[in-house]
Amino acid sequence: MGEAIVITSGKGGVGKTTTSANIGTALALMEKKVCLIDTDIGLRNLDVVMGLENRIIYDIVDVIEERCKLKQALIKDKRFDYLTLLPAAQTSDKTAVTTDGMKKIISELKQEYDYIIIDCPAGIEQGFQNAIAGADRAIVVTTPEKSSVRDADRIIGLIEKEDMKEPPRLIINRIRNHMMKSGDMIDIDDIVQLLSIDLIGVVIDDEEVIKASNKGEPVALHPNTKSSIAYRNIARRILGETVPLQSLEDEKGMFQKVKKFFGIRA
Amino acid sequence: MQDKKQLITIKGTREGLTLFIDELCSFNEAIKELHDKIIKNKPKKDDPIVSVRIKLGNRYLEDDQDKQLTEIINQANGFKIDSIESEVIRKEDALKWKEDSKIKAINRIVRSGQVLEVKGDLLLIGDVNPGGKVVSTGNIYIMGNLYGIAHAGVDGDRNACIVASYMKPTQLRIADYISRAPDYESDGVYMECGLVDEGQDKIIIDRLQVLSNKRKELSRFERRVQNG
Ligand SMILES: Nc1ncnc2c1ncn2[C@@H]1O[C@H](COP(=O)(O)OP(=O)(O)OP(=O)(O)O)[C@@H](O)[C@H]1O
Ligand SMILES: [Mg+2]
């Protein structure tokens, strides 16, 4: 039986889709069977970031409204046999998707896949409710900005009301070293302390991420960029490995002291 | 001279008059006699205002009886009611007091968008994050960081206070008073309390030590019993 992980944030544009694509890719690199689900109805993106847009025939709403079988709507990745995408609908009415519909799809996918990664839309409305409905765990993405951290806190509060297997875990995305040093960005320590959930990864703000998603191939495929290593480390932590946080600077720096926040479970 | 037992006994003290109303007679009889006595003892035009304390013994007054009594005293110019004291309260009120004076201990984080409301005093073991809010009818004690909003004495108790291990709140509210964080970036404070300062007519933040002087009866129950 697989496990469903929802990637969520509250605030828009902080990197949910990028994170979903890269974690999915990184897990596939480690030979896990992965299905990505885009639940952002009307604003689908995950297919573009994965470079699979041109293969879409059916989407999640077609599945829910029984215009096709679930298997027919799944799109196989170009690079990995066991990486697939269930795309969001671009045109259909948002209200077509329900929490029950989601739960049904996810439990069916769990039979076949090791990990189901759910890309959540921004906000806390029905789309969010649908995205978290079938999830066993949640990963909350935030950037080191006040408003983003505030929304992450709100989302964590909402997720805690659901009974998931464990509390949500945190990714801090788009860290900029120089701003962190000059004190113009909130400290990683402060964010983790405020949100008081386990940190599962820190990703720097990296041009390569943008370049890669423009090409439709997630940065996690590239062997040596820092963001790629960060995503692959997150995937390893999801698998239960204990991976220390890489030093994101060349000299040993501030990320050393953050290690204590990694509560990696075996 | 008098064949009948006095229903109202009046005693003069340094502070004014104390009226003892017999606790066994009917309320109407007492009111009638009170009326006569008040007219008789009415102060002269230029005399200073006399304050009156009324002792009811084991008599319970309904709200409208209370009003009737107050009207009689007030209608005779020159008297002012200082207090109406009764040895008894209604079971209902007693239970409400008890409810209001309980300390509720709660162990959680109050996150952005969440509101935690309790009757009585709140002891929160955990943080109130920015955007989060805690509300109580009594005092609020936070063993953790207060970043959001705390509203103590929400039913109007201006003597309520707010205590936190660390506070850098967005707003503090006590009864009908509101104070907010300054617009400039400032550090929070450790182990301090917020309370209403009567003199300055606003909420101030001070060291915890001042509580032992300014709020001798931290328990709402004691406070209310003593204030009647
Ligand atoms: N680590 C990073 N470094 C640089 N750019 C990034 C990084 N993460 C995300 N981005 C960029 O930020 C933008 C928003 O990212 P993304 O679409 O993943 O966010 P989202 O949370 O899914 O947004 P939405 O709420 O609209 O769904 C994209 O242009 C993406 O390329
Ligand atoms: Mg997105």
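Modeller: Before we start, a salt bridge here is a side-chain nitrogen of Lys or Arg within 4 Å of a carboxyl oxygen of Asp or Glu.

Colleague: Thanks! How many salt bridges does the rule find across the interface of chain A and chain B?

Modeller: The rule finds two across that interface. In one of them, Arg111(B) pairs with Glu160(A), and the closest N and O atoms are 3.1 Å apart.

Colleague: What kind of model is this, and how are the residues numbered?

Modeller: This is a predicted model, in which local features need pLDDT of at least 70 and side-chain atom pairs count only at pLDDT 80 or more, while totals for chains, interfaces and linings use all residues. Residues are numbered from 1 along each chain as its sequence is written, chains are lettered from A and ligands numbered from 1 in the order in which they are written, and side-chain values use heavy atoms, with hydrogens and water left out.

Colleague: Back to the interface: what area is buried between chain A and chain B?

Modeller: About 890 Å², with carbon and sulfur atoms giving 39% of that. Buried area is the accessible area (1.4 Å probe) that two parts lose on being put together, summed over both.

Colleague: Which residues of chain A lose the most area to chain B?

Modeller: Arg150(A), Asp153(A) and Leu194(A), which together make up 50% of what that side buries.

Colleague: New topic, rings! How many aromatic pairs are there over all chains?

Modeller: Two. Rings of Phe, Tyr and Trp (its six-membered ring) pair if their centres lie within 6.5 Å; planes under 30 degrees apart count as stacked, over 60 as edge-to-face and the rest as tilted. Tyr147(B) and Tyr166(B) have ring centres 6.0 Å apart and planes at 65°, so they are edge-to-face.

Colleague: Is Tyr166(B) buried or exposed?

Modeller: Tyr166(B) is buried, at a relative accessible area of 12%. Buried means under 20% relative accessible area, exposed over 50%, and partly exposed in between (1.4 Å probe, protein chains only).

Colleague: And what does Tyr166(B) form with Tyr190(B)?

Modeller: A tilted aromatic pair, 4.7 Å centre to centre with 55° between the planes. Tyr190(B) counts as exposed, at 63% relative accessibility.

Colleague: Last one: where does the charged end of Lys33(A) sit?

Modeller: Over the ring of Tyr82(A), 4.9 Å from the ring centre. The rule asks for NZ of Lys or CZ of Arg within 6 Å of the ring centre and within 35 degrees of the ring normal.
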